[in-house]
Amino acid sequence: MKLRFLSALTTALLILILLLVASLGVGPYKVYSPHALVRAVFEEGPDRAVIEYRLWRSIAAFILGLGLAVSGLALQRLINNPLADPYILGISSGASLGFLAAVALGLKPLWVWYLAAFSGGLLAYTVIVAVATALGLTGLGLIVSGVSLTYAFTGVSMILIYVMGPQIQFGFSWLFGSVAYSTRDVIVASTFLTLTGLAIIAYYRGSLTTLLLGEDVARALGVKVHMVKLIVSASIALIVASLVAVSGPVGFIGLIAPWIARLAVGAGFTRLLPLTAAAGASLGLASDILVRIAGGGRELPLTALTAIIGAPLLFYLTLKTKGVERL
Amino acid sequence: MCRVLVENQTVTLDGKDVLRDVNLDVEGGITAIIGPNGAGKTTLLKSIAGIVAPSKGRVLVCGLEAREASRMIAYVPAYLMVDPHAKVEDVIEAYLHGVRGVDVESVLKSSGLERFRGRKFNTLSGGEHKLVLIAGAIARNPKLLLLDEPFSHLDLANQVKLAKILRGERGEGRTIIMTAHEPLHASIADRVALMNSGSIMAYGKPEDVVRRELLEKVYGVELLEITVEGGRALIPRF
């Protein structure tokens, strides 16, 4: 088991390094060979500026994938549903609505945007948990409720963008999802907040391992279930909110990355966490490389690309986990 | 040995008293809680495990409030559905969190469950689930072992195997409390608590509690008493 984990993690890290290099070298402007890439880094000139731009973009894609993946994994363990993802359950769209409202109202400084996004994400999470608890939903019923919430929040976001006036273009391109337009201060702030959320989730890895056995057994074995759920939920909302500021409401990475990690190492949280993080970061980078080159010179929307890959997987997993039976 | 003291305990769930003024005093050995569906057996077990808080009264486990005694307790639920990708090793590992000096491999070996290595937990039968969960719980080396319906879904061979395991654990000085649907399983216990409608109707040695007239009254059915090879069994008249 340990050997399997180590070989899976080594493979994931190698893929991640390759994608990092590719992310710096590939783009519509120019494709650099690894050799040309190294030369461009050390020589003054336009190539260095291109690499620097791509480096910031790569950091954004890396942290986007990593954060969404880890928050998806933690969410799945908290609500005991492998189909959960911050996007599917409406947390991303809640955070997006909060973020857009702050932008539309012209609120400043930057931390107010984050606070608004965090509040929106937390509100969405609270609504979905309250609905699930009241109606006793755990399986597919919970997913359907989340999707409904996503539609509702996205609808309000669209109206907000429509009335934003001169910022309408920004609003729509942001809603489509991209890491291309993030400013450096946003990337730095989001990276810090995402890593903070990740550290909190990693701190509670022991409790999240025991929660595999359900809340009752975990409680009997000494896990402070309410406190862990509260803190980890807030961490998920923090990560999602900070990533919404970077890229808009990008989905499905939080579903795909934990699924890949589970196929490799089973369901032990301490093994899943690093592997999911590596798989998520790779997916973030790979998705961003694809949106750069697949459109033939025009950037494709990131949200659309991850949805095209993620939606069939959700369908497949729903059938495989017999979610219908667990309504 | 760990003493479990339940004093005047009432548990109210959704406005209904699921347990009413329950008193129980157990120290060492195996105690079986029997009774019809909805009698409150699982709720009593959960309250001892610190999962359900009493609205009145208290539960002391090894001298501590139940919620503070989790290091002494291992609890096995009647039924468990886990992540579909979870392997048997993952489930045992989840039980072992916070336990030092014990690894999953040694648990698989000592419990004779090596044949389940690498198997997905949800693909095992109900009886096999029980054996894995009980192995994980025992590996925590608890002073108090709480088992909800441990004999359900087990075939005859595994019932005998489990009885042997529980007697062995009793020999190690653990206090074991289990619930059982089938009064027959109370025969492996040292004491039996018979519950009905949230109250304990009788508590004592199996031969004093598992009696025909008492069970007929609680279950509301007619029973046949069969005596074979010096032992006796009660079966319903179908």
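## Contacts in chain A

Two residues are in contact if their C-beta atoms, placed from the backbone, lie within 7 Å. Among contacts in chain A between residues at least 6 apart in sequence, 78% join residues that are at least 24 apart. The model is predicted: local features need pLDDT of at least 70, side-chain atom pairs count only at pLDDT 80 or more, and totals for chains, interfaces and linings use all residues. Residues are numbered from 1 along each chain as its sequence is written, while chains are lettered from A and ligands numbered from 1 in the order in which they are written.

## Overall build of chain A

Chain A has 14 helices and zero strands; helices (H or I, at least four residues) and strands (E, at least two) are DSSP runs, numbered from the N terminus. The radius of gyration of chain A, taken over C-alpha atoms, is 19 Å, close to the 20 Å of the globule rule for 327 residues, so chain A is as compact as a globular protein of that length. That rule is 2.2 Å times the number of residues to the power 0.38.

The C-alpha trace of chain A spans about 65 × 55 × 35 Å along its principal axes. Of the 327 residues, 50% count as buried. A residue is buried if 20 or more other C-beta atoms lie within 10 Å of its own, exposed if 12 or fewer, and partly exposed in between.

## A cis bond in chain A

The peptide bond from A:Lys108 to A:Pro109 is cis, with omega near 0°. A:Pro109 is found in the loop between helix H4 (91-104) and helix H5 (110-135) of chain A.

## The sheet of chain B

In chain B, six strands form an open sheet with mixed pairing, in the order E6-E7-E8-E3-E9-E10. Two strands pair if DSSP finds at least two bridges between them. Strand E6 (73-76) and strand E10 (199-204) of chain B stand at the edges with a single partner strand each, so one side of each has no neighbour in the sheet.

Strands E3 (residues 29-34) and E8 (residues 175-180) of chain B run parallel and are joined by six bridges. B:Gly29 has B:Thr175 as its bridge partner in E8(B).

## Two loop residues in chain B

B:Asp14 lies in the loop between strand E1 (3-13) and strand E2 (16-27) of chain B. Its phi is near 50°, a positive value in a residue other than glycine. B:Asp14 counts as exposed because it has 5 C-beta neighbours inside 10 Å.

B:Ser197, in the loop between strand E9 (191-196) and E10 of chain B, also has a positive phi of about 50° although it is not a glycine. With 15 other C-beta atoms within 10 Å, B:Ser197 is partly exposed.
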